[in-house]
Number of protein chains: 2
Amino acid sequence: MNQDIISDITKAPIGVFDSGVGGLTVVREIMRQIPNESICYFGDTARVPYGSKTKETVTKFSRQIVRFLKTHQVKTIVIACNTASAYALDELEKEIDIPIIGVVRPGAKVAAEVTKNGKIGVIATEATIGSQIYNRYIQDINNNVTIYGKACPLFVPLVEEGLWQDPVTDEIAKRYLSELIDIGIDTLIMGCTHYPLIRSTISRVIGEEVTLVNPAYETALELKAMLQERGLLNQEAPKLGSNQYQFYVSDAAGKFKQFANSIIKYGILSAKTVNIEDY
Amino acid sequence: MNQDIISDITKAPIGVFDSGVGGLTVVREIMRQIPNESICYFGDTARVPYGSKTKETVTKFSRQIVRFLKTHQVKTIVIACNTASAYALDELEKEIDIPIIGVVRPGAKVAAEVTKNGKIGVIATEATIGSQIYNRYIQDINNNVTIYGKACPLFVPLVEEGLWQDPVTDEIAKRYLSELIDIGIDTLIMGCTHYPLIRSTISRVIGEEVTLVNPAYETALELKAMLQERGLLNQEAPKLGSNQYQFYVSDAAGKFKQFANSIIKYGILSAKTVNIEDY
């Protein structure tokens with residue numbers, strides 16, 4: 001009997017949420033690294049973006065989403081948004097009875113390990129930079145580094161407008177990154193889930209000798225290790241025809257689906273709209 | 001007695017709302033054109049922007065804000081947001097017992113009157129362009145014109161990033177406006193409340209012979225005429241020390257205040273945060 005219950009839990013989906021579409025870069029990594037897992041994704045497209053909002057508001061929104069995901073019997077939750085990880089993870093960890101991880105700690109850990117000259121740059125939203133969360137996590141691990149944060153508020157709208165390879169994005173990247181170039185960082189954390197989509201621009205501008213850290217990749221690794229450790233990893237591939245990937249949004253499901261299909265190779269069959277303020 | 005009641009109503013504030021800070025360009029025009037009036041402003045900074053969201057969501061948000069403004073005994077409401085005017089005005093008009101006006105109709109009216117060659121351009125958010133609302137209003141007035149709409153999603157983030165005079169904004173404006181230049185429009189409606197803040201860039205790129213219509217200006221004119229017609233105009237300047245201008249937001253009051261003070265000459269003394277989902 002107990003065996004059955006445990007076996008059921010491993011088959012439960014992983015809940016993943018973000019302010020909108022950016023978290024799909026995390027979903028993409030989870031799909032690649034642990035392909036047996038089912039995912040229940042929520043994107044808060046009615047209230048996107050989070051990166052310019054306050055801790056109080058982002059925490060309230062995140063709490064509502066966690067309540068929604070729990071109605072889908074998720075076995076764990078991944079906060080696939082740097083801003084929500086920065087602002088809400090500590091609170092949410094205290095409030096729920098399943099494991100919850102954010103994208104900040106895994107990215108911070110790798111950056112602290114790979115830097116050679118002890119100069120780490122972080123690019124992210126205003127909120128994430130203002131929270132100093134990367135500084136806190138990195139210095140917990142390695143106290144001999146200095147962290148240089150730079151908010152890049154135009155990167156998200158440029159990515160959402162599709163200007164992934166564009167002279168305007170190059171120009172904005174040059175402005176945002178010039179201080180970090182002058183400082184001579186050797187490691188740069190892409191601290192917003194949209195940024196890996198313009199990775200090639202960022203790498204060209206900052207210089208190819210600088211190590212780029214993608215927290216989405218590191219988070220999927222940490223998620224896999226955590227599921228393994230707790231006996232929660234799904235050992236079997238889901239049955240054909242099962243609803244392995246489910247997508248929910250708070251607004252504009254059609255537009256979400258279109259953007260999502262440009263990020264994720266596996267076609268997103270449908271996205272449903274949820275009235276998130278009711279949770 | 002009746003006299004007293006009427007005199008009280010004229011002294012009630014005008015409710016003005018927007019998705020965030022853009023509506024302050026409308027507030028600025030109201031302050032200039034009818035300086036005796038008190039204003040109660042609400043900016044939905046927790047859920048900004050509206051321009052990429054659906055009709056259903058924008059209408060729900062607008063309805064909550066109208067309920068909030070009514071708790072402040074406003075004598076009329078101005079929807080100082082093109083997207084909310086496009087999506088929610090028709091619904092809200094049916095539901096409330098005080099006059100309510102949007103920014104779209106006044107702008108449409110002037111454009112229909114001033115065009116000589118019958119080619120009118122409209123630049124706005126995706127939502128406003130998709131709604132075809134300007135087309136509807138303009139063709140109600142003048143059926144001999146053609147309207148060319150162009151969504152300009154990067155203008156709002158560029159304005160909010162402070163790039164009002166900048167080569168990047170010039171380049172983006174050139175891309176957005178090139179079709180309208182080729183078509184040979186003679187009138188261009190700035191159909192988003194942020195756009196008047198980059199009026200000089202828009203005018204330079206589109207050509208100075210093109211008439212720019214600022215719906216904020218036209219809305220303040222229409223508001224004044226409406227208040228006059230209904231006997232609601234405040235005939236006396238408010239007493240010194242009275243709280244003539246009140247500002248409320250759903251998030252980040254400090255940041256709002258800072259941005260607002262760059263738009264409005266009269267210092268904004270304070271902005272208060274409201275939990276708008278409770279309305």
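This is a predicted model: local features need pLDDT of at least 70, side-chain atom pairs count only at pLDDT 80 or more; totals for chains, interfaces and linings use all residues.
I begin with helix H11 of chain A, which runs over residues 215-229. Which residues of H11(A) are buried? They are Pro215(A), Ala216(A), Tyr217(A), Glu218(A), Thr219(A), Ala220(A), Glu222(A) and Leu223(A). Just after H11(A) comes Gly231(A), with a positive phi of about 70 degrees.

I turn next to a pair of helices. Two packed helices are described by the angle between their axes and the distance between the axes. In chain A, helix H5 (residues 104-114) packs against helix H7 (residues 133-141) at an angle of about 50 degrees, and their axes are 9 Å apart. This angle makes H5(A) oblique to H7(A). The crossing of the two helices is right-handed. From H5(A), the residues in contact are Val104(A), Arg105(A), Ala108(A), Lys109(A), Ala111(A) and Ala112(A). They meet Ile133(A), Tyr134(A), Tyr137(A), Ile138(A) and Ile141(A) of H7(A). By class, this contact has 9 nonpolar residues, 2 charged residues and no polar ones.

Finally, I come to the two chains. How many residues does the contact take from chain B and from chain A? Each of these chains supplies 15 residues. On the side of chain B that touches chain A, helix H9 (residues 167-183) of chain B gives the most, with 3 residues. That side of chain B divides into 7 nonpolar, 2 polar and 6 charged residues.

Methods:
Residues are numbered from 1 along each chain as its sequence is written. Chains are lettered from A and ligands numbered from 1 in the order in which they are written. Helices (H or I, at least four residues) and strands (E, at least two) are DSSP runs, numbered from the N terminus. The expected span of a helix is 1.5 Å times one less than its number of residues. A residue is buried if 20 or more other C-beta atoms lie within 10 Å of its own, exposed if 12 or fewer, and partly exposed in between; C-beta atoms are placed from the backbone. Axes are lines fitted to C-alpha atoms, for helices over the stretch in contact, and angles run from 0 to 180 degrees between N-to-C directions. Angles under 35 degrees count as roughly parallel, over 145 as roughly antiparallel, 65 to 115 as roughly perpendicular and the rest as oblique. A crossing is left-handed if the near helix is turned anticlockwise from the far one by less than a right angle, and right-handed if clockwise. Two residues are in contact if their C-beta atoms, placed from the backbone, lie within 7 Å. Ala, Val, Leu, Ile, Met, Phe, Trp, Tyr, Cys and Pro count as nonpolar, Asp, Glu, Lys and Arg as charged, and the others, Gly among them, as polar.
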